[in-house]
Amino acid sequence: TDLLYSKTLDLWTTHEGLDIKAEEGSQVRAAMDGVVSEIVNDPQWGMTIALDHGSGIITKYSNLSTLDMVTLGQKVKKGDIISGVGKTALYEIGEEPHLHFEVIKDGKNLDPKIYFPKQTLNR
């Protein structure tokens, strides 16, 4: 994992996910079909929702605006709205509004870009 500079913490730190710039309040959608496996207000990453997609794959969505749109154990389909983009991650409060997105397989972080359609990354 590369070290990235955190404006908020004023230090270089590992960053296991991908920050996707978006307007505050933008819709956050499930990357794949899955089940809501975690809903937590993390002291560092802010409001966070994790989806379990089976086969050891979990996606995590942090810096959200609300945890009220889904419930633990709820099944979601790819593209379902699960929250909005917020400013709740204390670790990244100095950054522009964004979604912090992680993909984890068997407990190890993967490069989340492999789960994005190519056109999304070219904007």
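Two strands are taken to pair if DSSP finds at least two bridges between them. Strands (E, at least two residues) and helices (H or I, at least four) are DSSP runs, numbered from the N terminus. In strand β10, F101 stands opposite L18.

The structure is a predicted model, in which local features need pLDDT of at least 70 and side-chain atom pairs count only at pLDDT 80 or more, whereas totals for chains, interfaces and linings use all residues. Residues are numbered from 1 along each chain as its sequence is written, and side-chain values use heavy atoms, with hydrogens and water left out.

The chain contains 1 helix and 11 strands, arranged along the sequence in the pattern β-β-β-β-β-β-β-β-β-β-β-α. Of its 123 residues, 35% count as buried; buried denotes under 20% relative accessible area, exposed over 50%, and partly exposed in between (1.4 Å probe, protein chains only). The accessible surface comes to about 7,300 Å², and 52% of this belongs to carbon and sulfur atoms. These areas come from the Shrake-Rupley method with a 1.4 Å probe, and for residues only the protein chains shown count as cover. Contact means heavy atoms within 4.5 Å. Among contacts between residues at least 6 apart in sequence, 59% join residues at least 24 apart.

Strand β10 is paired with several other strands. Antiparallel pairing joins β10 to strand β3 (residues 18–21) through 4 bridges. Strand β7 is likewise antiparallel to β10, with 6 bridges between them, and within this pairing K60 has E102 as its bridge partner. A further 3 bridges connect β10 to strand β11 (residues 108–110), again in antiparallel orientation, and here I104 stands opposite N109. The hairpin of β10 and β11 has 2 residues between the strands, and D106 in this hairpin takes a positive phi near 50 degrees. Because 7 of the 8 residues of β10 are buried, this strand is largely enclosed by the rest of the structure.

The largest nonpolar core comprises 18 residues, of which V28, I49, L51, Y61, L64, I82 and L99 touch the most other members. Two or more residues of this core are given by each of the elements β6 (46–52), β7 (57–62) and β10 (98–105). A nonpolar core is defined as a set of buried Ala, Val, Leu, Ile, Met, Phe, Trp, Tyr and Cys residues joined through side-chain atoms within 4.5 Å. Residues up to four places away in sequence being set aside, L99 touches L18, D19, I20, V28, Y61, S62, L64 and V85.

A search of the whole structure finds 1 aromatic pair. This pair is formed by Y61 and F101 and is tilted, with 5.2 Å from centre to centre and 50 degrees between the planes. It links distant parts of the chain, since Y61 belongs to strand β7 and F101 to strand β10, 40 residues apart. Rings of Phe, Tyr and Trp (its six-membered ring) are considered to pair if their centres lie within 6.5 Å, with planes under 30 degrees apart counted as stacked, over 60 as edge-to-face and the rest as tilted. Both Y61 and F101 are buried.

Strand β7 also contains T59, which counts as buried because its relative accessibility is 0%. Apart from neighbours within four places in sequence, T59 is in contact with A31, M32, I49, A50, L51, H53, F101, E102 and V103. The side chains of T59 and H53 are joined by a polar contact of 2.6 Å. A polar contact is a pair of N or O atoms within 3.5 Å; within protein, one must be able to donate a hydrogen and the other to accept it, and residues adjacent in sequence count only if both atoms are side-chain atoms.

H53 also has a spatial relation to G34, a residue of strand β5 (residues 34–42). The C-alpha atoms of G34 and H53 are separated by 4.3 Å, although these residues are 19 apart along the chain. G34 is buried, with a relative accessible area of 11%.

In strand β11, N109 has a relative accessibility of 30% and therefore counts as partly exposed. Its side chain forms a polar contact of 3.0 Å with that of E102. N109 and G17 are 92 residues apart in sequence, yet 7.7 Å apart in space, C-alpha to C-alpha.
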